[in-house]
Amino acid sequence: MNWKEEYRKKISKPAEAIKSIRDGQCVVMGHAAAAPRLIQQALADHCEDYNDVLIYHMTTLGDNPCYKPHCFGHFRHVSNFLAANSREVIERREGDFFPAYFKDVPSMIGSDIPCDVAVFQTTPPNAEGYCSLGVSCDYAKAAIRAAKTVIIETNEMMPFTYGDTLVHVSQIDHIIPCAYRLQELQLPAPGEVELAIGRHCASLVADGATLQLGIGAIPDAVLRSLADKNDLGIHSEMFSGGVMDLMRSGVVNGSRKTLHRGKAVVTFIMGTRELYDFVDENPDVEFHPVDYVNNPLVIAQNDRMVSINSCLEVDLQGQVASETIGIRQYSGIGGQVDFIRGASLAREGKAVIAMPSTAAGGKISRIKPFLTEGAAVSTSRNDVDYICTEYGIARLKGRTLQHRAEDLIRIAHPDFRPALAEEYERRFHTQYRD
Ligand code: COA
C-alpha cells in the first residue's frame, strides 16, 4: 500500500479515534503549543465514557478542556512541569506532579511513564509521507515508538520544522486532518527591574557565545540587551520571540558555534503566530528530541556556552529553589540543572541564575537566610555559578560560604540587607561590611 492510500484509510474523526482509549490506560499527549486540542475537546465532551484514564503531558498553555470540573473523576493528570491551569488541577488533587529532569522523560516513556496511547499534533504529510512534529519535538518520538495506539492531528497551521522531527504516516493509527490556530504565548513587556537584570546578564555574554534561555520574564529581557553583540548562537530547551528578533537582525547567526554551526537548536518553542511562521521551513532552526538537546554532554560541546535561567529564591549558601514556593509546586525543573552542568563543562562556559531581588510586589526578598520551609532545592550549592539581580552579579563558584553570603547580600534589595547582615553575623561571628 502506498502512503497516500494508507493515509486515506487512517483518517478518523476525534470522537471515533478516542474510542481506542480504554479505562485505566495511560495517554501521553503533546504539550504547550503542540497540544492536541481536538482530542482534548473530544475527551472532555465524552468524559462520562471514561474512568481512571491517566493523562501525561509536560507544560500547558491557555485552556485545556480536560481540566474542566465536569471531567473530574474521569481523568487523572500527571506532569513534571506546571503552569497556571495545571497547578490548579493538581492543587485540587485531580492529578499529581512528579519530579524529573525533562531530558529523562523520553527514556521514562514506556516504563516509568506507561504509554498505551500517544496523541500528538503534526503537520500534514509531505510528498514522501512524512509529517513534521513542528513546534514541539521533545518527547513525541519516544511516545510514538512506545504506544500501542498512535493518534495524530495533522494540522495545516502547524509549521514544518527541520532537525529530527519527522514521523511517517505508517507509524500512525488514527489521523485527524485539521486546521486550527496554535495556542500562543504573549510575554509582558519587561519592566525596569527586568531590563536592569538583562543588562547585567549581557555583560557575561561574549561575542561568539552560544546561549540557552530559560522560561519566564527574565530571558526575554536579557535578549533585548544583546542587540550590540556579534555572532551569537542558540542551543536551548525552548525559546520565544526574542530569539527570532536577534536572528532577523543577524546578532544570532550561529557562525561561531562549535556544534551545529549556523543552526539554532531547540526542542520546543512557545510564542506568537509570527514566531511559528518564522520557524516554518526555516533551515536555520533545528528541533531535536529533549534527551539530545538537554544532555549536559551535548550542551558542553558548545564552546562559550552561557545558560540563563530564573528562580524563585536563593539562600545564603547559594541553594536555588526554582520550582516550589515552600511546599507549593509552582513549575518544574525542566532543563535548568542540565544546562547549568553543561555550561560548566563547556570551554569558557558560564551558568547564570537571574531573578528580581524581591517578589510579591517588593514584600518578600528572594535572597533569604534559609529557603522557605518545604522548598525543593533545584540547583544545589555545588552546581551554582553566577546569581544575578537588578543590583548586580554574585559569582558563587569557588567561593566559601562566608564569601557567598557577603556577595549575595550585596545584590539583595537594600530594604532586606540589614536582616540578611544580622543572619550573616550570627552565622560567621564577624561584622558584615558593605
Ligand atoms: N516567595 C513568594 N512568592 C514568590 C516568590 C517567593 N520567593 N518568588 C516568586 N514569587 C511569586 C511572584 O511574586 C509571582 O507572583 P504573581 O504571579 O502573583 O506576580 C509568581 O510567584 C511567579 O514569579 P516570577 O518570578 O514572576 O515567575 P516567572 O514567570 O518569571 O518564572 C520561574 C520564574 C523560576 C518560576 C521559572 O523560570 C521556572 O519555572 N524555572 C525553573 C525551570 C527552568 O529554569 N527551566 C529552564 C529550562 S526551560
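**Strands, helices and cores**

Biologist: In S24, which residue is the bridge partner of Ile353?

Modeller: Strands (E, at least two residues) and helices (H or I, at least four) are DSSP runs numbered from the N terminus, and two strands pair if DSSP finds at least two bridges between them. S20 and strand S24 (residues 386-389) meet this with 3 bridges, in the parallel sense. Within S24, Ile353 has as its bridge partner Ile387.

Biologist: What pLDDT do local features need?

Modeller: Residues are numbered from 1 along each chain as its sequence is written, and side-chain values use heavy atoms, with hydrogens and water left out. This is a predicted model: totals for chains, interfaces and linings use all residues, side-chain atom pairs count only at pLDDT 80 or more, and local features need pLDDT of at least 70.

Biologist: Which residue stands opposite Ile353 in strand S15?

Modeller: Strand S15 (residues 305-309) and S20 run parallel and are joined by 4 bridges. The residue that stands opposite Ile353 of S20 is Asn309.

Biologist: How many of the 5 residues of S20 are buried?

Modeller: Buried means under 20% relative accessible area, exposed over 50%, and partly exposed in between (1.4 Å probe, protein chains only). Strand S20 (residues 350-354) is largely enclosed by the rest of the structure, because its count of buried residues is 4.

Biologist: Which residues of H1 are buried, and on how wide an arc do they fall?

Modeller: The buried residues of helix H1 (residues 3-10) are Trp3, Glu6, Tyr7 and Lys10. Seen down the axis of H1, they line one face of the helix, because their arc (that of the directions from the helix axis to the C-beta atoms) is within 100°.

Biologist: Which strands do the buried residues of H1 pack against, and which exposed residues lie on the face turned away?

Modeller: Contact means heavy atoms within 4.5 Å. The buried residues of H1 pack against strands S7 (149-155), S9 (166-168) and S10 (174-178). The face turned away from the buried side carries the exposed residues Arg8 and Lys9.

Biologist: Which residue caps the N-terminal end of H1?

Modeller: A polar contact is a pair of N or O atoms within 3.5 Å; within protein, one must be able to donate a hydrogen and the other to accept it, and residues adjacent in sequence count only if both atoms are side-chain atoms. Here a side-chain oxygen lies 3.0 Å from the backbone nitrogen of Lys4, and the capping residue is Asn2.

Biologist: Is Ser20 buried or exposed?

Modeller: Ser20 is placed in the loop between helix H2 (14-17) and strand S1 (26-29). Its side chain reaches the backbone oxygen of Ala17 at 2.7 Å. Residues touched by Ser20, not counting those up to four places away in sequence, are Gln25, Val117, Thr149, Ile151 and His174. With a relative accessible area of 17%, Ser20 is buried.

Biologist: What is the relative accessible area of Ser132?

Modeller: Ser132 is found in strand S6 (residues 130-132), and its side chain reaches the backbone nitrogen of Gly134 at 3.0 Å. Leaving aside neighbours within four places in sequence, Ser132 is in contact with residues including Thr122, Pro159, Phe160 and Leu166. Ser132 is buried, with a relative accessible area of 0%.

Biologist: Where does the largest nonpolar core lie?

Modeller: A nonpolar core is a set of buried Ala, Val, Leu, Ile, Met, Phe, Trp, Tyr and Cys residues joined through side-chain atoms within 4.5 Å. The largest has 78 residues, and those with the most contacts inside it are Val28, Tyr56, Phe120, Tyr139, Leu226 and Ile269.

Biologist: Which residues of H13 are buried?

Modeller: Helix H13 (residues 336-345) is largely enclosed by the rest of the structure, because 7 of its 10 residues are buried. They are Gln336, Val337, Asp338, Phe339, Ile340, Gly342 and Ala343.
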